[in-house]
Amino acid sequence: LNQPSEASKVMQAAVEHFSGTPHEMRVQIANADLLIHHGNADEALQILNQVTPDEPSFVEARKKMASIYLKQRKNSKLYINCFKELSQKLPNVQSALMLGEAYMTIQEPEKAVEVFEEAFKRNPKVKLLASKIGQALIKAHNYNKAVNYYEASLKNSPEPQPDLRYELTELYLKKRQFDKAERTIRAGLARETGGDLSTLIEHAKLNILLARVRREAGDQLPSVVEVLQTAREIQSRVLKRVGVERPDAVATQRSFAADIACELADVLVVDQNSTDAVRYYQEALMHEDKHHKARLHLANLCLDQDHLDQCEHECVAMLRANQNDEEAPLIMAEVLFRKNNFEGAIQQLKSLLERKKTHFEGLVKLIELTRRMGRIEEVKPYIQVLEDECSGPAYTAGVSYCKGLYQWYVNQPAKALQSFNQSRKDSDWGERCLFNMIHICINPDNEVIGSEVMRGAEGSSASVEQMEADKMALFTAERLMRETTQPNHPRSAVRQQIMEAYIIMLSAPKSKSANEKAHTMFAEIATREKENVSAILGLATAQVLQKQTTKARNTLKRVLKIAWNSAEAEDFEKSWLLLADIHMQNNKFDLAMDPLKRCLHHNRSCFRAWEYMGYISEREHNVKEAAERYEQAWLYSFQRDPNIGYRLAFNYLKLHSYVKSMQVCYKVLEGYPQYPRMQKEILDKAKQSLKP
């Protein structure tokens, strides 16, 4: 194929050799394939058009012609005509199915319904046609007619129609009519199995679907677990019989048993029953050793529990099964990072991005890891490559998200908002973009909400302009919250509730009723989910704003007992910072150092932790150490936090490092020309001190 002239010679010889034989048309179709490959569609069409209905290759020829008309000529009319001709010359179920699917391909589902219905009238025993009618109605967005059709078909059919029942249930789920979905499943489960293997298999599938209905309806997790256990028990009976009664279906049924065990484990993870979850993931792998989802989720669970060796074992197994696995390197990088093999962690992700530069999840992980290592600048070239080379619509959302995340982490919240805003309507990245935008609007300067120590250290209250900007940001956060869709996953629902509570609390921080309402919302979640760090932090913040500092400190101590995980990294960090702030208010600097060191252990670039440590050094009259710590805070804030710049310049002044002090002053005044006291108290004094 890569040598056109040689290929043409060989093909021409084959055409001459098989001319007049029964294989002539098959060779001609191969010749047409070669012409299509070399871009000669016109000649290919001439050859394919010569194939007559009495030839065995007639169907294949018309399908190839249709493909040329659709993909190369962009002519949907000629595309459909090919299948119409097939249906006229060969009037059977197969040609009707192809014509109907062709109409679906060109977004004319109403005509597809007509074709499928006509074929079903002629062939009422073909169940596939019944299913196709329902699918076409759904694609035409004629949901009510689709429901009526499915219900009538199930009612009038003398035989069980499991496929139609599944599709009707899926339609009810789409319409969020959970009661009707469960009723449809219950009707199918009401059929006695009578010892029939097929019915047993159907019941197992229906129970899995019932579990999904209950999860999406927001039912209590124990009821979901109960249904999945029923499915598991039924499937266990299936496995005992399938080897004897249907040996060819053993692999399929073992795979389905693995799916059930994995689904059960996933629910138990959400229910925070990690012990049983691990057991069921392992059971899934016993049924099917290469069950990727079970091994991937088990690896993630081991990572959350800090069982790094076991997690690494699962990653190696995934890579052994598929050396091009794109998810295992993400987890392996986290494992190596926690084992202090920083270069190994980075290399895992860089290798992945070299293989596939548009692996956005890999780039997101690289951004997060390099940030925690204090080396986020290393990511800039990868983002630049994406911007330069991946500008198509398929990549825009992923590029914007990665760019926005990087900008957020380098302390450019306004630019990050713009980047996230470009992708907030995207189906894949939209939810993450929205929540990140809400986070930025709630806390644009990445401050410790409720901090008393640093507010007092700044020595000035917020300006009227700043107060108005904060008010507008919270208004924007509230508007963005209204854009969030109804979450399907329980964790997303909880996260949404927590964001709503923050907005209520911060929109009127001096309002007792608003604070109490937010306090109640946080407390309910923190009571229900005892290890939800975000809810615990929210509760403690509400307590601080209510001047209940002792309660807040005790609440935050709960976080010290929870194992760190990357999913809640930001909330862990802010919890430790707020706890340190409370200790510092009471001048217990030795107690404050422990949570601050935790921050830096997990995130070297946590500039707030460096800032707090610099403040402690100042209070202990260790000016040199204070300057060194403020240097780190200034570095990791990317020289964009004026308060840190002020403290650094002030300590440089005290150390008689006048040039350094002036350099920092100029940098701060460049971005904040009216920054209070900088000019008079530091810059002018530094200049004066340099005069002979």
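Reply: The account below begins with the chain as a whole, turns to one pair of helices and the loop that joins them, and then visits some other sites.

The model is a predicted one, in which local features need pLDDT of at least 70 and side-chain atom pairs count only at pLDDT 80 or more, while totals for chains, interfaces and linings use all residues. Residues are numbered from 1 along each chain as its sequence is written, and side-chain values use heavy atoms, with hydrogens and water left out.

The chain contains 37 helices and 0 strands. These elements are DSSP runs numbered from the N terminus, where a helix (H or I) has at least four residues and a strand (E) at least two. The C-alpha trace spans about 110 × 65 × 45 Å along its principal axes. Of the 692 residues in the chain, 48% are buried. Here "buried" stands for a relative accessible area under 20%, "exposed" for one over 50%, and "partly exposed" for values in between, computed with a 1.4 Å probe on protein chains only. A contact requires heavy atoms within 4.5 Å. Among the contacts with a separation of 6 or more, 55% join residues 24 or more positions apart.

Helix H10 covers residues 162–174 and helix H11 covers residues 178–189; their axes come within 8 Å and cross at roughly 165°. Each axis is a line fitted to C-alpha atoms over the stretch in contact, and the angle between N-to-C directions can run from 0 to 180 degrees. H10 is therefore roughly antiparallel to H11. On this scale, angles under 35 degrees are roughly parallel, those over 145 roughly antiparallel, those from 65 to 115 roughly perpendicular, and the rest oblique.

Which residues make the contact between H10 and H11? From H10 come Arg165, Leu168, Thr169, Tyr172 and Leu173. H11 contributes Phe178, Lys180, Ala181, Thr184, Ile185, Ala187 and Gly188. Sorted by class, this contact of H10 with H11 has 7 nonpolar, 3 polar and 2 charged residues. The nonpolar class holds Ala, Val, Leu, Ile, Met, Phe, Trp, Tyr, Cys and Pro; the charged class holds Asp, Glu, Lys and Arg; the others, Gly among them, are polar.

Arg176 is placed in the loop between H10 and H11. This residue counts as partly exposed because its relative accessibility is 35%. Although 41 residues separate Arg176 from Ala217 in sequence, their C-alpha atoms are 7.9 Å apart in space.

The pair of H5 and H6 may be set beside this one. The axes of H5 (residues 76–89) and H6 (residues 93–105) come within 8 Å and cross at roughly 165°, so H5 is roughly antiparallel to H6. The crossing of H5 and H6 is left-handed. Residues in this contact include Tyr79, Ile80 and Phe83 of H5, and Met98, Leu99 and Ala102 of H6. By class, the contact of H5 with H6 has 8 nonpolar, 3 polar and 1 charged residues.

Most residues other than glycine have a negative phi. Asn340, however, has a positive phi of about 65°. Asn340 lies in the loop between H18 (328–338) and H19 (342–355), and is exposed, with a relative accessible area of 51%. Lys547 has a positive phi near 65° and is not a glycine. The loop that holds Lys547 runs between H29 (533–545) and H30 (549–560), and Lys547 is exposed at a relative accessible area of 63%.

Within helix H33 (residues 607–619) lies Ser617, which is buried at 0% relative accessibility. Leaving out residues up to four places away in sequence, Ser617 touches Asn622, Glu625, Ala626 and Arg629.

Finally, the cysteines. A disulfide is a pair of cysteine sulfur atoms within 2.5 Å, and the count by this rule is 0. Cys433 is in no disulfide, and its nearest cysteine sulfur, that of Cys402, is 9.5 Å away. Cys433 is buried, with a relative accessible area of 0%. The sulfur of Cys606 lies 4.6 Å from the closest cysteine sulfur, in Cys599, which is too far for a bond. Cys606 counts as buried at 3% relative accessibility.

Note on methods
Left-handed = near helix turned anticlockwise from the far one by under 90°.
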